[in-house]
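Dear colleague,

I am passing on the structure below, and my notes on it follow. Please read them with the coordinates open beside you.

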Amino acid sequence: MTPDGPPAPPRGAAGARTVLVLGGTAEARCLAALLDRTPAAARRALTVVTSLAGRTSQPRRPDGALRSGGFGGADGLAAWLRAHDAAALVDATHPFAAAITAHAAQAARHTGVPLLLLRRPGWTQGPGDRWHWARDTADAARLLADERRRDDRVFLSTGRQDLAAFAGLGQFCLIRCVEPPGPVLPVRRHVVLDRGPFTVEGERALLRDHRIDVLVTKDSGGASTAPKLTAARESGLPVVVVRRPAPPPGVPLAATPEEAAAWLAAHVDADLDAPRP
Ligand code: NAP
């Protein structure tokens with residue numbers, strides 16, 4: 001892994017086209033794997049670079065090239081796209097990674113590099129679900145702070161970056177995250193470090209062993225962390241679901257890595273071998 005990925009191809013040369021995938025999700029890894037298997041990649045006409053924020057100590061390595069660490073805002077990202085003469089940018093970050101998503105939209109606007117947002121669909125409420133939608137994590141904490149919920153045992157599965165919003169809760173909180181959380185946490189807590197995919201059986205056991213009364217989740221979508229919702233439904237538990245931030249307006253959207261690969265084929269592969277201006 002390098003801070004800046006592969007060296008930039010000389011501008012104006014008929015070299016490889018670079019696609020930058022802003023990653024950190026299973027969908028980003030899947031897209032990188034799909035692109036890395038294309039004929040264009042095989043004949044080195046296409047370089048796929050996945051970018052990670054660099055905050056996970058042992059990230060799952062994607063196929064293709066990898067860079068790690070922030071770009072230094074939208075301007076830094078725009079500079080990277082220009083320096084690598086990028087043919088396209090795919091924002092395949094987590095639906096709640098709002099800052100990098102805003103920077104990607106800004107950088108694409110400034111550079112003219114085509115941008116695609118790869119976002120897995122959110123979860124949908126089904127029969128038997130007892131969901132309460134929250135505008136954001138602060139709103140979720142307000143719902144839990146309700147006097148009628150003061151004896152509840154809460155399962156916070158929002159990820160470590162959002163835990164500070166719940167620090168004022170008096171209830172017992174089971175906290176599950178991939179990396180150790182920061183210092184601002186609910187006082188009565190138990191922390192479990194674990195990373196999906198999870199199973200319904202495992203989630204059932206967790207809810208039972210910790211005598212959980214209410215689950216808190218972000219609307220992350222996807223199959224790997226959905227079993228907690230199934231387990232909550234089976235037990236008739238209420239779930240506080242934090243709504244996603246709105247995607248930037250005007251950016252085309254793909255729901256699956258396959259859709260994203262098809263979009264890239266239309267936007268990048270067509271001129272892969274065309275002489276560069
Ligand atoms: P964020 O708040 O939108 O981003 C904060 C800063 O981190 C960005 O301004 C950017 O720094 C850097 N950054 C984020 N993603 C990056 C990437 N893929 N490559 C390079 N720099 C990146 O994002 P976040 O919520 O901290 O999430 C960080 C990463 O973890 C994302 O890649 C996301 O997909 C993944 N993730 C997030 C969540 C979540 O719930 N938020 C859950 C699972 C995975 P600069 O401004 O310096 O460029």
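**The ligand and its surroundings**

A shell of 23 residues surrounds the ligand, and the closest of them are Gly23, Ser51, Arg55, His94 and Lys218; a residue counts as near a molecule if one of its heavy atoms lies within 4 Å of it. This is a predicted model, in which local features need pLDDT of at least 70 and side-chain atom pairs count only at pLDDT 80 or more, while totals for chains, interfaces and linings use all residues. Residues are numbered from 1 along each chain as its sequence is written, and side-chain values use heavy atoms, with hydrogens and water left out.

In one, an N or O atom in the side chain of Lys218 is 2.4 Å from an oxygen atom of the ligand. A polar backbone atom of His94 lies 2.7 Å from a ligand oxygen atom, and a polar side-chain atom of Gln161 is 3.0 Å from an oxygen atom of the ligand. Taken alone the ligand exposes 800 Å², of which the protein buries 78%; these areas come from the Shrake-Rupley method with a 1.4 Å probe.

Strand E2 (46–52) and helix H4 (98–111) are the elements that give two or more residues to the shell, and H4 supplies the largest share, 4 residues. Helices (H or I, at least four residues) and strands (E, at least two) are DSSP runs, numbered from the N terminus. By residue type, the shell divides into 8 nonpolar, 12 polar and 3 charged, where Gly is counted as polar.

**Strand E2 and its partners**

Of the 7 residues of E2, 6 are buried, that is, under 20% relative accessible area with a 1.4 Å probe and protein chains only. E2 pairs in the parallel sense with strand E1 (residues 17–22) over 6 bridges, and also in the parallel sense with strand E3 (residues 65–68) over 4 bridges; two strands pair if DSSP finds at least two bridges between them. Ser51 in E2 is the bridge partner of Leu22, whereas Leu52 stands opposite Ser68 in E3.

**Helix H6**

In helix H6 (residues 200–209) the buried residues are Glu203, Ala205, Leu206 and Leu207. These buried residues pack against strand E7 (153–156), strand E8 (172–177) and helix H7 (227–235), with contact meaning heavy atoms within 4.5 Å. Just after H6, Arg211 takes a positive phi of about 50 degrees.

With best wishes

Definitions and conventions: Buried < 20%, exposed > 50% of the residue type's maximum accessible area, 1.4 Å probe, protein only. Polar contact = N/O pair within 3.5 Å; in protein donor to acceptor, adjacent residues only side chain to side chain.
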